[in-house]
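Reader: Could we go through this structure together? I would like to ask about a few sites in turn.

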Amino acid sequence: MRDTPNFTGWHVAVIHREDGNTERLMRQLRLLGIRPTQQWAPLSAAELPDLVIVDADQGWDDLLPWNGAVPCPVVALLGSEAPGRIAWALQQGAGAIIAKPIATSAVFPALVMAVSIHEERKQAAAQLRYLEERVRLRPLVHAAVEKLMSVRAIDEERAYAILRDCAMRRRLPMEQIAAFILGGAEPLPEAG
């Protein structure tokens with residue numbers, strides 16, 4: 001993420017018991033144009049906010065409705081240096097921490113950091129899925145190369161080069177061209 005987000009109109013769920021910290025936090029969030037809600041109960045998976053701020057000192061595993069992929073940016077409120085509490089915040093997907101007692105000057109940078117980290121995680125996960133799919137389809141490329149080798153009586157390196165050139169000309173992934181060739185939807189490319 002390169003641009004600093006504009007939080008105006010965002011819904012932020014503050015999962016924390018009401019106290020002086022939450023009062024200061026809620027006031028600062030409103031000054032940023034955010035529509036905050038505060039609760040000390042598990043967050044509903046049906047109505048997820050744009051961002052979650054959660055008490056990492058007293059939070060428990062079922063407080064947030066996800067297990068694995070985190071659907072929105074998370075900021076942890078932390079007054080403790082206990083490694084277990086920090087680990088819990090990370091397991092919940094926290095991309096930033098605001099130390100307690102809350103300093104109002106720490107809120108905006110933490111929100112920006114959490115949104116940025118969340119976007120980076122989403123992009124990395126998408127890239128990983130893409131690469132895993134390409135690896136899963138590699139046997140198709142190998143089979144298409146073998147087919148080219150036997151039909152055209154060429155070596156493996158030349159067959160691979162032909163397949164790669166065909167994919168580049170068509171602007172398609174090699175795996176897709178290989179699937180077309182093996183399925184008969186694409187004529188065998190000419191050695192050229």
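**The annotated aspartate and its surroundings**

Author: The UniProt annotation "modified residue: 4-aspartylphosphate", from an unreviewed entry, covers Asp55. Please bear in mind that this is a predicted model.

Reader: Where does Asp55 lie?

Author: Asp55 is part of strand 3.

Reader: And is Asp55 buried or exposed?

Author: Asp55 counts as buried, because its relative accessibility is 1% and buried means under 20%.

Reader: Which residues is Asp55 in contact with, leaving aside neighbours within four places in sequence?

Author: With those neighbours left aside, Asp55 is in contact with Ile15, His16, Trp40, Leu77, Trp88 and Lys100.

Reader: Let us turn to the strand itself. How many residues of strand 3 are buried?

Author: Strand 3 spans residues 51-55 and is mostly covered, with 5 of its 5 residues buried.

Reader: In what sense do strand 1 and strand 3 pair?

Author: Strand 1, residues 11-15, pairs with strand 3 in the parallel sense, over 4 bridges. Within strand 3, Val52 has Ala13 standing opposite.

Reader: How many bridges join strand 3 to strand 4?

Author: Strand 3 and strand 4 (residues 74-78) run parallel and are joined by 4 bridges. Here Val74 in strand 4 stands opposite Val52.

Reader: Now the salt bridges. How many are there?

Author: The count comes to 7 salt bridges. One of them is formed by the side chains of Asp57 and Lys100, at 2.9 Å from N to O. Asp57 lies in the loop between strand 3 and strand 4, and Lys100 in the loop between strand 5 (94-99) and helix 3 (107-136), so this pair ties together parts that are 43 residues apart in sequence.

Reader: Are those two residues, Asp57 and Lys100, buried or exposed?

Author: Asp57 is partly exposed, with a relative accessible area of 21%. Lys100 is buried, with a relative accessible area of 18%.

Reader: Why does the salt bridge of Glu175 with Arg138 tie together separate parts of the sequence?

Author: Glu175 forms a salt bridge with Arg138, and the closest N and O atoms are 3.0 Å apart. Glu175 lies in helix 6 (residues 174-183) and Arg138 in helix 4 (residues 138-152), so the pair ties together parts that are 37 residues apart in sequence. Glu175 counts as buried at 3% relative accessibility, whereas Arg138 is partly exposed at 32%.

Reader: Which residue forms a salt bridge with Arg164?

Author: Arg164 forms a salt bridge with Asp165, with the closest N and O atoms 3.9 Å apart. Arg164 counts as partly exposed, at 34% relative accessibility, and Asp165 is partly exposed with a relative accessible area of 29%.

Reader: Which residues is Asn21 in contact with, beyond its sequence neighbours?

Author: Leaving aside neighbours within four places in sequence, Asn21 is in contact with Lys100, Pro101 and Ile102. Asn21 lies in helix 1, residues 20-31, and is buried, with a relative accessible area of 13%.

Reader: A change of topic: where does Pro71 lie?

Author: Pro71 lies in the loop between strand 3 and strand 4 and counts as partly exposed, at 44% relative accessibility. Not counting residues up to four places away in sequence, Pro71 touches Leu48, Trp66 and His118. Pro71 and Leu51 are 20 residues apart in sequence and 9.1 Å apart in space, C-alpha to C-alpha.

Reader: Finally, the surface. Which residues make the nonpolar patch?

Author: Ile86, Leu90 and Ile97 make a nonpolar surface patch of about 260 Å². Leu90 is found in helix 2, residues 83-91, and is exposed, with a relative accessible area of 54%.

Note on methods:
Residues are numbered from 1 along each chain as its sequence is written. This is a predicted model: local features need pLDDT of at least 70, side-chain atom pairs count only at pLDDT 80 or more; totals for chains, interfaces and linings use all residues. Side-chain values use heavy atoms; hydrogens and water are left out. Patches are made of residues with over 30% relative accessible area and no salt bridge: like charges are joined within 9 Å, nonpolar side chains (Val, Leu, Ile, Met, Phe, Trp, Tyr) within 5 Å. Accessible areas come from the Shrake-Rupley method with a 1.4 Å probe; for residues, only the protein chains shown count as cover. A salt bridge is a side-chain nitrogen of Lys or Arg within 4 Å of a carboxyl oxygen of Asp or Glu. Helices (H or I, at least four residues) and strands (E, at least two) are DSSP runs, numbered from the N terminus. Buried means under 20% relative accessible area, exposed over 50%, partly exposed in between (1.4 Å probe, protein chains only). Two strands pair if DSSP finds at least two bridges between them. UniProt positions are given in the numbering used here, feature names are shortened, and annotations may be inferred rather than shown by experiment. Contact means heavy atoms within 4.5 Å.
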